[in-house]
Amino acid sequence: MERVIDLDQAAAVIAERAERWLAAGLKVGQVTWRDETARWPRQLETDRALVRDPDSVGVLISGPGDAGLSVVLFRGGWADVDYFDGLDNGGSIPAFGIKSAAAFGTQLDQWVPRVFGSLG
């Protein structure tokens with residue numbers, strides 16, 4: 001898989017925003033990593049030191065009323081983004097053509113309010 005995004009930088013982008021999300025009453029799960037070189041089936045790891053060649057980084061954010069946002073960013077520049085707003089709306093959000101960790105941060109800043117509303 002082509003390396004478009006530095007996933008360590010993307011994890012730092014998540015960490016930068018986590019404090020704001022927590023202050024707004026959201027729950028932020030541990031960042032998970034998947035190793036490209038691991039044997040199948042590949043396990044998700046929460047300890048970055050256990051991952052030699054990361055091909056994805058992910059996080060699960062949850063809020064009131066069972067609302068949730070799952071984001072898995074792949075180093076090739078796309079993400080699997082799934083959500084449920086806690087009411088009756090959910091699904092996938094298209095996420096491709098992400099060129100950098102900063103661009104990933106911009107996307108996070110759009111996805112989180114879409115699911116949980118304004119963080120005030």
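Arg 3 counts as exposed in this predicted model, at 53% relative accessibility, where exposed means over 50% relative accessible area, buried under 20%, and partly exposed in between (1.4 Å probe, protein chains only). Residues are numbered from 1 along each chain as its sequence is written, and side-chain values use heavy atoms, with hydrogens and water left out. Because the model is predicted, local features need pLDDT of at least 70 and side-chain atom pairs count only at pLDDT 80 or more, whereas totals for chains, interfaces and linings use all residues.

Arg 3 forms a salt bridge with Asp 53, and the closest N and O atoms of the two are 2.5 Å apart; a salt bridge is defined as a side-chain nitrogen of Lys or Arg within 4 Å of a carboxyl oxygen of Asp or Glu. This pair links distant parts of the chain, since Arg 3 belongs to the segment before helix 1 and Asp 53 to the loop between strand 3 (44-45) and strand 4, 50 residues apart. Helices (H or I, at least four residues) and strands (E, at least two) are DSSP runs, numbered from the N terminus. Whereas Arg 3 is exposed, Asp 53 is buried, with a relative accessible area of 15%. Side chains of opposite charge can pair when their charged atoms come close.

Asp 53 also forms a salt bridge with Arg 75, in which the closest N and O atoms are 2.8 Å apart. Arg 75 lies in the loop between strand 5 and strand 6 and Asp 53 in the loop between strand 3 and strand 4, so the pair ties together parts that are 22 residues apart in sequence. Arg 75 is buried at 4% relative accessibility, and its side chain makes a polar contact of 2.8 Å with the side chain of Asp 53. A polar contact is a pair of N or O atoms within 3.5 Å; within protein, one must be able to donate a hydrogen and the other to accept it, and residues adjacent in sequence count only if both atoms are side-chain atoms.

The structure holds eight salt bridges, and one of them joins Arg 17 to Asp 109, with the closest N and O atoms 2.8 Å apart. Here too the pair links distant parts of the chain, Arg 17 being in helix 1 and Asp 109 in helix 2, 92 residues apart. Arg 17 is buried, with a relative accessible area of 13%, while Asp 109 is partly exposed at 36%. Salt bridges that share partners bring Glu 16, Arg 17, Arg 20 and Asp 109 into one network.

A contrasting case is Asp 35, found in strand 2 (residues 32-35). Asp 35 is buried yet has no salt bridge, and the nearest side chain of opposite charge, Arg 52, is 4.4 Å away; for charge, Lys and Arg count as positive and Asp and Glu as negative, with His and the chain ends not counted. When neighbours within four places in sequence are left aside, the contacts of Asp 35 (heavy atoms within 4.5 Å) include Arg 42, Leu 50, Arg 52 and Asp 53.

The largest nonpolar core has 31 residues, and those with the most contacts inside it are Leu 69, Leu 73, Phe 104 and Trp 111. Such a core is a set of buried Ala, Val, Leu, Ile, Met, Phe, Trp, Tyr and Cys residues joined through side-chain atoms within 4.5 Å. Two or more residues come from each of helix 1 (7-23), strand 4 (54-62), strand 5 (68-74), strand 6 and helix 2 (101-116). Beyond its neighbours within four places in sequence, Trp 111 is in contact with residues including Leu 69, Val 81, Ile 93 and Phe 104.

Backbone geometry was also examined. A cis peptide bond, with omega about -5°, joins Trp 40 and Pro 41, and Pro 41 is placed in the loop between strand 2 and strand 3. In the loop between strand 4 and strand 5, Asp 66 has a positive phi near 65°, although Asp 66 is a residue other than glycine. Most residues other than glycine have a negative phi, and most peptide bonds are trans. Asp 66 counts as exposed, at 68% relative accessibility, and is among the residues touched by Gly 86, together with Gly 65 and Ala 67. Gly 86 lies in the loop between strand 6 (78-84) and strand 7 (90-92) and is partly exposed, with a relative accessible area of 22%.
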